[in-house]
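Here is a friendly walk through one protein model, for reading with the structure open beside you.

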Amino acid sequence: MFPSSSQKKSWIFSNEQELSKQRENANKAFIQRHVQRIQYLGDEEKSQYFLSPNEERMLVKFYEVKMRDFCRRFTPEMPKVVIGTAFHYLKRFYLNNSVMDYHPKEMLITCVYLACKVEEFNVSIKQFVGNVKGDLEKATDIILNNELLLMQQLNYQLTIHNPFRPIEGLLIDLKVRSHLRDPDRLRPSIDDFLDKLWLTDACLLYSPAQIALAAILHSASKNQENLDAYVTQTLLDKNNGSQYLKDLIEAVRKIRTFLVKNVEPPTRDQVKRIEKRLEVCRNEETNPDSEVYKQKLQEMLYEDD
């Protein structure tokens, strides 16, 4: 399953520096493609024209919170697995693409819509956009026009291994092989842990099983329970050796520290300043509000006539 999956082979990275490098490369690639448009500007103006990788990351983090809120409010109630899959898609997309090409507010609804399809949460496009604020016809066009692009940028690797199944397996095992009283009482803290973890890069760095174990141990700690003996003596096969245990404990520790070091999302004022600059430097060919985009869309629609 996961060990042989495209997720493991293509979308789990060694460290946070590797993720930062990919995002920086996406930013540089956009600037190189569009630098000719600012040849008339002075050096200082040129340096401030495009968004920096850090500003791009701030904008994506802001819209990750918006996506979480959208999923929470969704009617009918959205399964947790859909939310997890949508977060994977959004994070993967902005590893290799710039917000100056594709605005996160447009891609987030596309990610959620595609996740609904992949995870077989059956809602029609009309029912889906009914949850979107604003122009429903425009939202429909954005989703349908970006859906194929999103799949292409994900290399059509749409199957996501989320931590929910490993969590259920661990809870069952706790009921059978541990002395923990009523393991189900760990669920609220587990859900809270994952809810916050989606706003970090943990799912791009660690396996679903590692995240699941971190969620279980975090919740146990919140409930003043100690599962160290269960993990070291019962859960893990002693034949795996001490190094395996050390690596797992280190991975769990790092996952749990994500919640501590996770930077707060930018304020609305910060985002307004970034988006004001984005209006100037954005690629007009991928901006649904621009005349260039509308003309390009018309040409695509009638090119076979």
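## Two residues with positive phi

Q224 is exposed, with a relative accessible area of 75%. This residue sits in the loop between α11 (208-222) and α12 (228-235). Although Q224 is not a glycine, its phi is positive, near 60 degrees. Please keep in mind that this is a predicted model.

N155 is another non-glycine residue with a positive phi, here about 55 degrees. You will find N155 in the loop between α8 and α9 (164-177). With a relative accessible area of 47%, N155 is partly exposed.

## A cis peptide bond

The peptide bond that runs from T75 to P76 is cis, its omega being near 0 degrees. P76 belongs to the loop between α4 (53-73) and α5 (80-96).

## The annotated domain

UniProt, in an unreviewed entry, lists residues 65-152 as "domain: Cyclin-like". This span is 72% helix and 0% strand, and its end C-alpha atoms are 25 Å apart.

## How α6 meets α8

Helix α6 (residues 104-118) and helix α8 (residues 136-153) have axes that come within 8 Å and cross at roughly 70 degrees. The two helices are therefore roughly perpendicular to each other. On the α6 side, the contact includes M107, I109 and L114, while α8 contributes residues including I142, I143 and L150. By class, this contact has ten nonpolar, two polar and three charged residues.

## The nonpolar core

Nonpolar side chains tend to be buried together in soluble globular proteins. In this model, the largest nonpolar core has 94 residues, and M78, V112, F128, L194 and I216 touch the most other members. Leaving aside residues up to four places away in sequence, L194 touches P163, F164, I167, I211 and A215.

Note on methods. Residues numbered from 1 in each chain as written. Predicted model: local features only at pLDDT ≥ 70, side-chain atom pairs only at ≥ 80, totals over all residues. Heavy atoms only, no water. UniProt positions renumbered as here; feature names shortened; annotations may be inferred. Helix = DSSP H or I, 4+ residues; strand = E, 2+ residues; numbered from the N terminus. Axes fitted to C-alpha atoms, helices over the stretch in contact; angles between N-to-C directions. Parallel < 35°, antiparallel > 145°, perpendicular 65-115°, else oblique. Contact = heavy atoms within 4.5 Å. Nonpolar A, V, L, I, M, F, W, Y, C, P; charged D, E, K, R; others polar. Core = buried A, V, L, I, M, F, W, Y, C linked by side-chain atoms within 4.5 Å. Buried < 20%, exposed > 50% of the residue type's maximum accessible area, 1.4 Å probe, protein only.
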